[in-house]
Amino acid sequence: MSEDSSAAQSPTEYIQHHLTNLHGMIGGNEINVDTVVTGWLLGALVFGGLWILSRGVKTEGVPGKAQAFFELLYEFVDAQVKDMFTGNRRWIVAVSFTVFVWILAMNSVKFLPVDFVGVATHSFAHAWKPVATADLNTTLAISLSVILLMIIESIKVKGIGGYIHELTMTPFHGGNLIAKIVLLPINFLFQMIELLSKPLSLALRLFGNMYAGEVIFLLISLLAGAGIFGVLSGAVLHAGWAVFHLLVVPLQAFIFMMLTAVYLAMAHESH
Amino acid sequence: MNLGMTLLLQGIGFFIFLFVVYKFVLPPLADAVDGRRRQIADGLAEAEKGKASLATAQKEVDKIIAEAKAKASEIVALAEKQRTATIDASKSEAKAAGDREKQMAADEIAQLSVKAKAELRDRVADLAVAGAERILKREINPQVHSDLLGQLKAEL
C-alpha cells in the first residue's frame, strides 16, 4: 500500500484489499503466492537457524546463550508431551515442536504493522497478505497433516484390524453380534464426526483468531485517515491490540501444539 | 477462499520442516539435554556419596581421637605410678645407703674402742706391773711370771 493509493480507497476497499491474497498459478491451479512464500520462507529461516544452532550444541560443559534458549524451547515442548504420554516420545515431540515453532513464526508476523509489508512488497506485488496463518489453507494444511500422522500412528500401534475395530466397535459396545451390527453404523458415524471435527477445530481456531486479529488491526489503521486525533488514538489502540497479541500469538501456537500432542498421544491408547 | 494447491504446498512444507526437525534439529539437542541431565544426576549421586563417606570419616576420626585420649590418660597414669615408684625406690635406697654408712661408722667406732681398750689394758697392765715392781722393790722376771701377767691382763 503506498500512501496515494490508500488515500483514494474507501474503508471497505482498504480492508478488502488487505485481506486479498496474491494469486498465482501452478499447473493450472490457483495458489496464494504470499501465503506459500511467507510460510516457506519463515519455516526455512527458523528451522534452518535451529539446524545451524543444533550443529553447535555442546553435550558437555556450560551451554551458551543460544543453546540455552534452544533447550528452553525444546524442554518446554518436551515437558508438555511428557505429561500426557509415557513411552518413546521422540516422534511426538518432533511433530509438536515443528507445529509450535512454525506457527509461532508465522503468527509473529502480526507484530509488523499491517501496512509495512504492503509498502515493502508493493513494487513487485499488488497485494501481499503477510500472516500465513490468517489463511485457512495454512492452518488446514497443518491440522490435516497432524490428523494424517495420527491415523498412521494409530494403525502402527493397533494394526489395521485394531484401527478398524476402533472405528466400528467404539464408543458403543455391543454385547452380542446383533447389537454389534446394529451399533456399527452409529459407531462409525461418531468416529467419522470425531475424525473430521479434530482438524476442523484445530484449523478454524487458529485461522479465526489470526484473521479476526488482522481485521481489527485494519480497522484501527483506518483511524489514521481521520486527522491528527485519529492518528493519535489509532496509535494508542494499535499499541494496545498489539500488546494483546503478545498473548494471542504464542497462545494460539501453544494450543495448536498441545492438541497435536494430545491427538498423537491418544493414537497410542486403545479403548 | 481457494482451498487446494496452496493447502497442498503448505502441507508439503510442513512435512519437509518436520523431517528436518526430526532428523537433524532435535537429536543433538535431545542428546545434549539428556547428557546434561545424566551428568547432573551423577554429580548429585557423587555428592551424596561424598557426604556419606565424610560422615564415615568423621566417625573414624572421633573414634581415633577417643582412643588417643584414652591412651594418653593411660600413659599419664602409668607415668604417675612410675614416678611414685621411682621416688619410693630412691627414697628407700637412700635410706639403705644411709643405714649402711651408719652401720659402717658404728662398726669402726666399735673396732676403735676395742682397739683402744686393748691398748689401755696393755698400758694399765704395764703400769700395774711397774707399780708392783716398785712396791715389791724387786725385779719380777717377766719371762718367769709371764703366765701370771697374762692372767692379770685377762682379768683386766
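User: In what order do the elements of chain A run from the N terminus on?

Analyst: They go α-α-β-β-α-α-α-α-α-α-α, which makes 9 helices and 2 strands in chain A. Here helices (H or I, at least four residues) and strands (E, at least two) are DSSP runs, numbered from the N terminus. This is a predicted model, where local features need pLDDT of at least 70, side-chain atom pairs count only at pLDDT 80 or more, and totals for chains, interfaces and linings use all residues. Residues are numbered from 1 along each chain as its sequence is written, while chains are lettered from A and ligands numbered from 1 in the order in which they are written.

User: What makes A:Gly234 count as buried, exposed or partly exposed?

Analyst: Just count C-beta atoms, placed from the backbone: 20 or more others within 10 Å means buried, 12 or fewer means exposed, and anything in between is partly exposed. A:Gly234 has 18 C-beta neighbours inside 10 Å, so it is partly exposed. You'll find A:Gly234 in helix 9 of chain A.

User: Which residues is A:Gly234 in contact with, leaving aside neighbours within four places in sequence?

Analyst: A:Ile220, A:Ser221, A:Leu223 and A:Ala224. Contact means that the two C-beta atoms, placed from the backbone, lie within 7 Å. As for A:Ile220, the C-alpha atoms of this residue and A:Gly234 are 5.5 Å apart, although 14 residues separate the pair in sequence.

User: Why are helix 1 and helix 2 of chain B called oblique to each other?

Analyst: Helix 1 (residues 5–136) and helix 2 (residues 146–155) of chain B have axes that come within 10 Å and cross at roughly 130 degrees. Those axes are lines fitted to C-alpha atoms, for helices over the stretch in contact, with angles from 0 to 180 degrees between N-to-C directions. Under 35 degrees is roughly parallel, over 145 roughly antiparallel, 65 to 115 roughly perpendicular, and the rest oblique. Therefore helix 1 and helix 2 of chain B are oblique.

User: What residues meet where helix 1 and helix 2 of chain B touch?

Analyst: From helix 1 of chain B come B:Arg121, B:Ala125, B:Ala128 and B:Val129, and from helix 2 come B:Leu149, B:Leu152 and B:Lys153. That contact has 5 nonpolar, no polar and 2 charged residues. In this scheme Ala, Val, Leu, Ile, Met, Phe, Trp, Tyr, Cys and Pro are nonpolar, Asp, Glu, Lys and Arg are charged, and the others, Gly among them, are polar.

User: How do the two chains meet, and how many residues of each are in contact?

Analyst: 27 residues of chain B touch 37 residues of chain A. On the chain B side, that's 19 nonpolar, 7 polar and 1 charged.

User: Which residues touch the most other members of the largest nonpolar core?

Analyst: A nonpolar core is a set of buried Ala, Val, Leu, Ile, Met, Phe, Trp, Tyr and Cys residues joined through C-beta atoms within 7 Å. The largest one has 59 residues, and A:Phe97, A:Val99, A:Phe100, A:Ile103, A:Val146, A:Leu264 and B:Val21 touch the most other members. Helix 5 of chain A gives the most to this core, with 13 residues. Not counting residues up to four places away in sequence, A:Val146 touches A:Val95, A:Val99, A:Leu202, A:Thr260 and A:Tyr263.
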